[in-house]
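Hi,

Here is the structure I promised to pass on. Have a look at it first, and my notes on what turned up follow below.

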Amino acid sequence: MSLEDKVIEASNGVKIPQLGLGVFKLTKKEQFETAIREAIRIGYRHFDTAKIYGNEKILGIEIQKSQIPREEFFITSKVWNTDHGYEAAKRAFEQTCKKLNVEYLDMYLIHFASPYYLETWQAMEELYMEGKIKVIGVANFEIQHLEDLMKHSKIPPMINQIETHPEFPQNDLHDYLIKHQILHEAWGPLGQGNKALLENPELKKIAHHHHKTVAQVILRWHLQRGIIIIPKSSNPKRIKENSQLFDFELTSEDMEKINQLNTGKRYSISPTGFIINPFLNKLMKIFIK
Ligand code: NDP
């Protein structure tokens, strides 16, 4: 069974590969090309980018170079904070498609619940109805944003991409998403490579028992929770390691031990802090090309 066969269905029946490659901070051309080529060679077909990552264009080039049909890929991008509003979001979508050199996106997400996300959503609903986006969703939305969005929209969000790892499992939000048939996708599934997490003695014990690495155990824990994962790596060896998750299973005791690592600690800034911090928004704007 190949990686493409490990799928989770969105509420509209679209199949999403449960493992993808995240490409945040992968901006050096040579490193990027090596990583994407290796990922495609191994069997990754799901790639997670965003306008703000500045690498949509080189991702599109690598996908085309592979000569694998477009339909076999699952490409996600995101609307950045400075592109909110009906008209701006439509323009941002066109720019993203142009950069990726694609006619449609498999998934398009609102990157943060910044002001005017309702107008942005309206544009996304239309693009979805026109068949230009297969799955529409959000990222970094908390329960109050989801409630608001569902109250004011025709189509509910199909997925929420949020920081999730053993120290920050998002239990409450996870239960809420399940209840509302919204898929949970983890960003930072490896705690952004945090050493304390990757060297955790309990995780090491579990990894040793299964003849796997700590990273593989963490990623497997996500999979068994029904979460979509997009670990990032620039290293071909680790890209392969992160894909070897389907030949072992964590026991319920393993799962429980990993659940116990919950400290409520985010490794990144809280999304609410990000939205309201004008300095950060300004800083990020500098990186948008
Ligand atoms: P991850 O949890 O995927 O961790 C990436 C880090 O872990 C890198 O430093 C990488 O180093 C290291 N790493 C990867 N694999 C291994 C391994 N097997 N063993 C040891 N270290 C490893 O964090 P990200 O923040 O990158 O999140 C993943 C993706 O989620 C992003 O790339 C992006 O697509 C998305 N994202 C979305 C956000 C949002 O706001 N919606 C925010 C942040 C990320 P190396 O490259 O050297 O292997």
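Right-handed here means that, with the strands pointing away from you, the path from the first strand over the helix to the second runs clockwise. Helices (H or I, at least four residues) and strands (E, at least two) are DSSP runs, numbered from the N terminus.

Before going on, a word on what you are looking at: this is a predicted model, where local features need pLDDT of at least 70 and side-chain atom pairs count only at pLDDT 80 or more, while totals for chains, interfaces and linings use all residues. Residues are numbered from 1 along each chain as its sequence is written, and side-chain values use heavy atoms, with hydrogens and water left out.

Eight strands make an open sheet, in the order 3-4-5-6-7-8-9-10, with parallel pairing. Two strands count as paired if DSSP finds at least two bridges between them. At the edges sit strand 3 (21-22) and strand 10 (228-229), each pairing on one side only.

Which strand is largely enclosed by the rest of the structure? That is strand 7 (residues 133-139), because six of its seven residues are buried (buried is under 20% relative accessible area, exposed over 50%, partly exposed in between, with a 1.4 Å probe and protein chains only). Strand 6 (residues 105-110) runs parallel to strand 7 and is joined to it by five bridges. Along that pairing, M107 stands opposite V135, and I110 has V138 as its bridge partner. The chain gets from strand 6 to strand 7 through helix 4 (residues 117-129), in a right-handed β-α-β crossover. On to strand 8 (residues 159-163): two bridges join it to strand 7, again in parallel, and A139 stands opposite Q161 there.

**Aromatic pairs**

There are five aromatic pairs in the structure (ring centres of Phe, Tyr or Trp, the last by its six-membered ring, within 6.5 Å; planes under 30 degrees apart are stacked, over 60 edge-to-face, the rest tilted). One of them is F47 with F73, a tilted pair at 6.3 Å centre to centre and 40° between the planes. F47 is in strand 4 (residues 46-48) and F73 in the loop between helix 2 (56-65) and strand 5 (74-79), so the pair ties together parts 26 residues apart in sequence. F47 is buried at 0% relative accessibility, and F73 is buried at 2%.

Y117 and F141 have ring centres 5.2 Å apart and planes at 65°, so this pair is edge-to-face. Y117 belongs to helix 4 and F141 to the loop between strand 7 and helix 5, 24 residues apart. Both Y117 and F141 are buried.

**Two loop residues**

N101, in the loop between helix 3 (86-100) and strand 6, has a positive phi near 60° although it is not a glycine. N101 is partly exposed, at 46% relative accessible area. Y116, in the loop between strand 6 and helix 4, also has a positive phi, near 75°, and is exposed at 58%.

Happy to go through any of this with you.

Cheers
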